[in-house]
Amino acid sequence: MKIGILGGGQLGRMLIQSALKYDDEFYTLDPASDAPCHNISYFTQGNFNDYETVLNFGKDKDVVTIEIEHVNADALAELENQGIKVVPNAAIIKTIQQKILQKEFYKTHDIPSPEFQVVWNSDEKIIVPLPFVQKMNTGGYDGKGVQVIKTESELQDLWKEPSVIENLVDIDKELSVIVARNESGETNIFPVTEMVADPKLNLLDFNVCPVLLTGDVQNQIDVITEKFLNAVNSPGLFAIELFLDKEGKVWVNETAPRLHNSGHQSQEGNTNSQFEQMYRVVKNLPLADTDAITYSGMLNLVGAEGYAGKVVYQGMEDVLRLPETYVHLYGKTETKPGRKMGHINVLADSREELMEKLVQVKGMVKVIAE
């Protein structure tokens, strides 16, 4: 099959790497000439937000998918009209790429998500009590387009763009669950992972799997995933980001209609990875089993503060000497502060050992520049 991917970043790269053992042709579209997929696919440099560019890219493909949700969904809808399969479908991409529509989707389908107010312009009175979270309607990812407003004086920092104003959850844990559905209606759900964020960069720092959850919390997550899969009405792989509050209630933070950073540890930690699963979803093949093999975790390799230019991975040789430690680099030659350059997966026999190893590895490697 000719499989087209909108976006040529690291998620697409790892999807293609995983699928090279099969017999398909992969085509990618990305505005950056040196995107991570440029040298492992039939690559087109172009704007995946441009209607005509997306239409022309997809018209001769058997199936088109995404590795970033900020694409031209109207062009994907037209491709569907022309008989091209789009996974996930254009309608759910359009819903999820707009925070306002995404929040209304949860409300309509009785999926628990923090109370919210839609603000279209800066003149509207905000009725959500402080502190609250502001999420821009479009364009946000990796912590961008999200801010916490804590005090009256910080109200002057509100963005003027259309936004969701959301109650601030008293978070105990940040969790993620990756769910998959193929065109035949078969579903599979990965074990829940816990996400530990870097408070300065607002980026995922570690993720850990499996997570020790009470039966009640796991049941809440099971109900959420069932409601979501019933409501979404589309094949696809979706990462549902969750908050567990300090009273034991689970809330949906947001959903990504694609592969996700919180599933990277599945490459070595599960019987099959999120990338294998995504390939099977796109091809409408039987879904893979996803059981956790052992305790696994991931840490992001991000560009260090004060360094920009040709990347150097300081300490990497020492990391490569460690057992059950797996390096994944994204093919990005230029680093800058906070840029995701790769990740490292670690396996262990217990959560305590896993956290020790993750902290050890984090202290060993630094992403700098020449």
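1. Basis. The model is predicted: local features need pLDDT of at least 70, side-chain atom pairs count only at pLDDT 80 or more, and totals for chains, interfaces and linings use all residues. Residues are numbered from 1 along each chain as its sequence is written, and side-chain values use heavy atoms, with hydrogens and water left out. Helices (H or I, at least four residues) and strands (E, at least two) are DSSP runs numbered from the N terminus.

2. Parallel sheet. Five strands form an open sheet; the order is β3-β2-β1-β4-β5 and the pairing is parallel. Two strands are taken to pair if DSSP finds at least two bridges between them. The edges are β3 (42–45) and β5 (85–87), each of which pairs on one side only. From one strand to the next the twist averages 20°; angles run from 0 to 180 degrees between N-to-C directions, and axes are lines fitted to C-alpha atoms, for helices over the stretch in contact. Within this sheet, 5 bridges pair β1 (residues 2–6) with β2 (residues 25–30) in the parallel sense. Leucine 6 has leucine 29 of β2 as its bridge partner.

3. Helices α2 and α3. Helix α2 lies across β1, β2, β3 and β4 (63–66), and runs at about 170° to β2. Helix α2 (residues 51–58) also packs against helix α3 (residues 73–81), at an angle of about 35° and with the axes 8 Å apart. On the α2 side the contact (heavy atoms within 4.5 Å) is made by Tyr51, Val54, Leu55 and Gly58, and on the α3 side by Asp74, Ala75, Leu76, Glu78 and Leu79. The crossing of α2 past α3 is right-handed, that is, the near helix is turned clockwise from the far one by less than a right angle.

4. Three-stranded sheet. A second open sheet to note has 3 strands in the order β19-β17-β21, with antiparallel pairing. Its edge strands, β19 (334–335) and β21 (366–369), each pair on one side only. Strand β17 (residues 309–314) is joined to β19 by 2 bridges, and the two run antiparallel. Glycine 309 has threonine 335 of β19 as a bridge partner.

5. Strands β16 and β20. These run antiparallel and are joined by 8 bridges, with β20 covering residues 340–348. Serine 296 stands opposite leucine 347 of β20. Of the 8 residues in β16 (residues 295–302), 6 are buried; buried means under 20% relative accessible area, exposed over 50%, and partly exposed in between (1.4 Å probe, protein chains only).

6. Helix α10. The 14 residues of α10 (residues 351–364) should span 20 Å at 1.5 Å a residue, and the end C-alpha atoms are 20 Å apart, which agrees; the expected span is 1.5 Å times one less than the number of residues. Leu354, Lys357, Leu358 and Val361 are the buried residues of α10. They lie on the same side of α10, because they cover an arc of only 100° around the axis, taken from the directions from the helix axis to the C-beta atoms. Exposed on the other side of α10 are Glu352, Glu356, Val359 and Gly363.

7. Valine 179. This residue is found in strand β10 (residues 171–181). Valine 179 counts as buried because its relative accessibility is 0%. Leaving aside neighbours within four places in sequence, valine 179 has contacts including Asn188, Ile189, Phe228, Leu237 and Ile240. Its C-alpha atom is 30 Å from that of alanine 32, which is 147 residues apart from valine 179 along the chain.
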